[in-house]
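Here are some notes for a colleague opening this entry for the first time. Please read them with the sequence and the structure at hand.

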Amino acid sequence: MLLLGIDVGTSSIKVSVVDASTRKSIVSAQYPETESAINSVKPGWAEQEPEMWWEHVQQAILKANATKKYDPKEIGAIGIAYQMHGLVLVNKQQQVLRQSIIWCDSRAVEIGDKAFAAIGEAKSLSHLLNSPGNFTASKLAWVKANEPAVYSEVDKAMLPGDFIAMKLTGDITTSISALSEGIFWDFKENKLSDDVFNYYGFSKDVIPAINPVFSEHGKLQASVAHILSLKEGIPVTYKAGDQPNNALSLNVLEPGEVAATAGTSGVIYGVSDELTYDKQSRVNTFAHVNHREDEQRLGVLLCINGTGILNRWVKNTFTPAISYSQMNDSHRKAPAGSDGLRVLPFGNGAERMLNNKIVGAHFHNIDLNLHSQEHVQRASQEGIAFAFRYGLDIMRENGMNPQVIRAGKANLFLSDLFAKSFVNATGVPVELYECDGSVGAAIGAGIGVGAYSTPKEAFADEKPLQLIEPTETKTFDEFYFDWKQLLQKFI
C-alpha cells in the first residue's frame with residue numbers, strides 16, 4: 001500500500017507519497033514554488049483564501065504523479081497536516097463564505113481577553129487549559145460581531161485541514177485535538193465547552209462531527225479521484241495540526257518528550273500526561289494526536305510567530321539574489337554575538353508568549369562603521385534563538401524541563417549557525433532527524449488505516465541524523481541577558 005500525505009502550510013502545499021511497508025518517501029512535491037501570499041488589509045490582520053489551498057493541493061498531487069515514480073491507483077489512504085488555529089466558514093452547500101482568518105491574525109485578541117475575564121481566569125485555565133485568547137473560537141466571535149451577514153450563513157466552522165478533507169471527501173469532520181486548538185473543548189467535562197459557546201452565543205451545530213484523529217474522515221469523491229488519477233473511495237484516515245503532526249513525525253508521543261520546529265513560526269512542543277496550563281496562557285496546552293480520555297496526552301506548545309518569516313525578510317531585503325544556503329554560509333564573516341547587534345524577531349502579529357502583545361521586529365545597537373549585512377543575518381538568527389530561550393524558560397516554569405529536543409533537519413535547522421545558536425542559547429542538546437510534515441501525515445494515514453498497530457510502531461526505526469550539543473552556554477547566556485533587557489522595554 002502507498003500512503004499520501006498532504007501538508008497545508010502557510011507558504012505552500014507539500015505532498016509526499018510513502019511506501020507503507022518501508023515507511024520511506026517515494027516522492028515529494030511542493031506547490032507553488034514561490035511562497036503563497038498572506039493578505040493583510042489592516043495592521044495585524046492575516047488571511048488566506050481556502051480555495052487557493054485546495055487548488056494548490058491538487059496541483060501538488062498532480063506534480064507528484066507526473067514523476068511516474070509510483071502508480072497513483074496504489075494509494076490506499078490519505079493523511080492531512082495543516083496550519084493551526086485558522087478559521088474556515090462554509091454554508092450548507094459547502095461554499096466558502098470568506099477568506100480564512102489564519103493563525104497569525106491578531107484581530108481577536110481583545111475579544112478573547114474579554115472572554116477570559118467573563119468566563120473566569122481560573123475556570124478557563126482549569127477547563128480549557130488556555131485563555132480563549134486569539135484562537136479560532138475568538139476569531140469566529142469576531143465574524144459574528146463584525147460580519148453578521150456572513151455569520152448568518154454559516155453552516156460549519158472548521159480548521160484548514162478539515163476544509164481540505166471536505167474538498168476531498170464531501171464530508172465535514174473534526175477531532176478533539178482540532179477543537180482543543182480552537183479553544184472549543186472542555187477537558188474536565190470532556191465535551192464542547194458550554195462556557196465558550198454560551199458566552200460567545202454560538203450554536204453547537206456549527207461544529208462538525210467529532211472523530212478520533214486516527215480514523216476515517218470520509219472517502220475520496222469520484223469527481224476528485226478522476227481529476228487526481230486516484231482510486232475512488234480511498235479514505236482520509238488522519239488529520240492533525242502541523243505541530244502535533246511534527247511531534248508525531250519525530251516520535252514525540254510520551255510524557256517528557258519534546259519536539260521543535262523553526263519554519264515561518266517557531267515552536268517547542270512537549271508532551272504531558274497532566275491537565276497542565278500556564279497561568280498567563282503564554283504557552284498553550286492542546287490534545288495531542290494520541291490523547292484519549294482514559295490516557296491523557298497533552299501537547300504543551302510554545303509558539304513564536306516571528307522566526308523563519310524574519311529570516312526570509314532579511315534574505316529578501318539584504319541579499320535577494322542568493323540562496324538560503326549561501327546566506328547561511330555568509331554568517332561566518334560575523335562573530336558570535338554579532339558584535340553587539342541585537343534583533344527582536346517579533347514582527348508577525350501578537351505573540352502569545354509576550355501576553356499577546358504586538359511588539360514588532362527591532363534592530364538594536366547598529367554601528368554604521370562596524371556592522372555589515374552578515375552581522376544583520378547572524379544577529380537575526382541569534383535573535384530567533386534567544387526568543388526560543390525566552391519561551392523555553394516559561395515552559396520550565398510550568399514543569400517542562402527537556403533533556404533533549406528533537407527537530408527535523410529543515411527550515412532554520414538547515415542553518416548550522418542557527419542550530420548551534422539554539423542549543424547554546426537554550427542549553428539543551430538537539431537531535432536532528434530526517435523529518436517532513438507531509439511524510440508524517442502519510443504515516444499518520446497509515447496508522448489510521450491500520451497499516452501500523454500503534455504510532456510508536458510506525459516510527460520505531462527512526463534514528464537521528466545528528467546530535468548537536470551546547471558548547472558555549474556561558475557566552476550565550478551573556479548575549480541572551482543583554483537581548484532580554486532590550487525586550488523588557490517593549491513588554
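This is a predicted model: local features need pLDDT of at least 70, side-chain atom pairs count only at pLDDT 80 or more; totals for chains, interfaces and linings use all residues.

The points below go through a sheet, the nonpolar cores, a helix pair and some local features.

1. Seven strands form an open sheet in the order 16-17-15-14-20-21-22, and the pairing is mixed. Its edges are strand 16 (284-287) and strand 22 (466-468), each of which pairs on one side only. From one strand to the next the twist averages 30°.

2. Inside the sheet. How do strand 14 and strand 20 pair, in the parallel or the antiparallel sense? Strand 14 (residues 258-262) and strand 20 (residues 405-408) are parallel, and two bridges join them. Ala 260 has Ala 407 of strand 20 as its bridge partner.

3. A helix on the sheet. Helix 14, made of residues 416-426, lies across strand 14, strand 15 (266-272), strand 20, strand 21 (430-433) and strand 22. Relative to strand 22, helix 14 runs at about 50°.

4. The largest nonpolar core. This core has 47 residues. Ile 268, Phe 346, Met 353, Phe 413, Phe 418, Phe 422 and Trp 483 are the members with the most contacts inside it. Helix 13 (residues 373-397) supplies the largest share, 11 residues. Apart from this core lies another, of 46 residues, which includes Leu 97, Phe 187, Val 271 and Tyr 433.

5. Surroundings of Trp 483. Which residues does Trp 483 touch, leaving aside those up to four places away in sequence? They are Arg 342, Val 343, Leu 344, Pro 345, Phe 346, Gly 383, Phe 386, Ala 387 and Tyr 390.

6. A helix pair. Helix 1 (residues 50-65) packs against helix 6 (residues 160-169) at an angle of about 60°, and the two axes are 10 Å apart. Because angles from 65 to 115 degrees count as roughly perpendicular and those under 35 as roughly parallel, helix 1 is oblique to helix 6. The crossing of helix 1 and helix 6 is right-handed. On the helix 1 side, Pro 50, Glu 51, Trp 53, Trp 54 and Val 57 make the contacts; they meet Pro 160, Phe 163, Ile 164, Lys 167 and Leu 168 of helix 6.

7. Backbone points to check. Most residues other than glycine have a negative phi, and most peptide bonds are trans. The bond from Tyr 31 to Pro 32 is cis, with omega near -5°; Pro 32 sits in the loop between strand 3 (24-31) and strand 4 (47-48). His 85, not a glycine, has a positive phi of about 70°, and its loop runs between strand 5 (75-82) and strand 6 (88-90). Gln 94 is not a glycine either and has a positive phi of about 65°; Gln 94 is in the loop between strand 6 and strand 7 (100-101). His 85 is buried, at 4% relative accessible area, whereas Gln 94 is partly exposed, at 26%.

8. Phe 184. Is Phe 184 buried or exposed? Phe 184 counts as buried because its relative accessibility is 4%, and the cut-off for buried is under 20%. Phe 184 lies in the loop between helix 7 (176-181) and strand 10 (185-186). Not counting residues up to four places away in sequence, its contacts include Thr 136, Leu 179, Phe 197, Phe 202 and Ile 207. Phe 184 and Asp 195, 11 residues apart in sequence, are 9.2 Å apart from C-alpha to C-alpha.

Notes
Residues are numbered from 1 along each chain as its sequence is written. Side-chain values use heavy atoms; hydrogens and water are left out. Two strands pair if DSSP finds at least two bridges between them. Helices (H or I, at least four residues) and strands (E, at least two) are DSSP runs, numbered from the N terminus. Axes are lines fitted to C-alpha atoms, for helices over the stretch in contact, and angles run from 0 to 180 degrees between N-to-C directions. Contact means heavy atoms within 4.5 Å. A nonpolar core is a set of buried Ala, Val, Leu, Ile, Met, Phe, Trp, Tyr and Cys residues joined through side-chain atoms within 4.5 Å. Buried means under 20% relative accessible area, exposed over 50%, partly exposed in between (1.4 Å probe, protein chains only). Angles under 35 degrees count as roughly parallel, over 145 as roughly antiparallel, 65 to 115 as roughly perpendicular and the rest as oblique. A crossing is left-handed if the near helix is turned anticlockwise from the far one by less than a right angle, and right-handed if clockwise.
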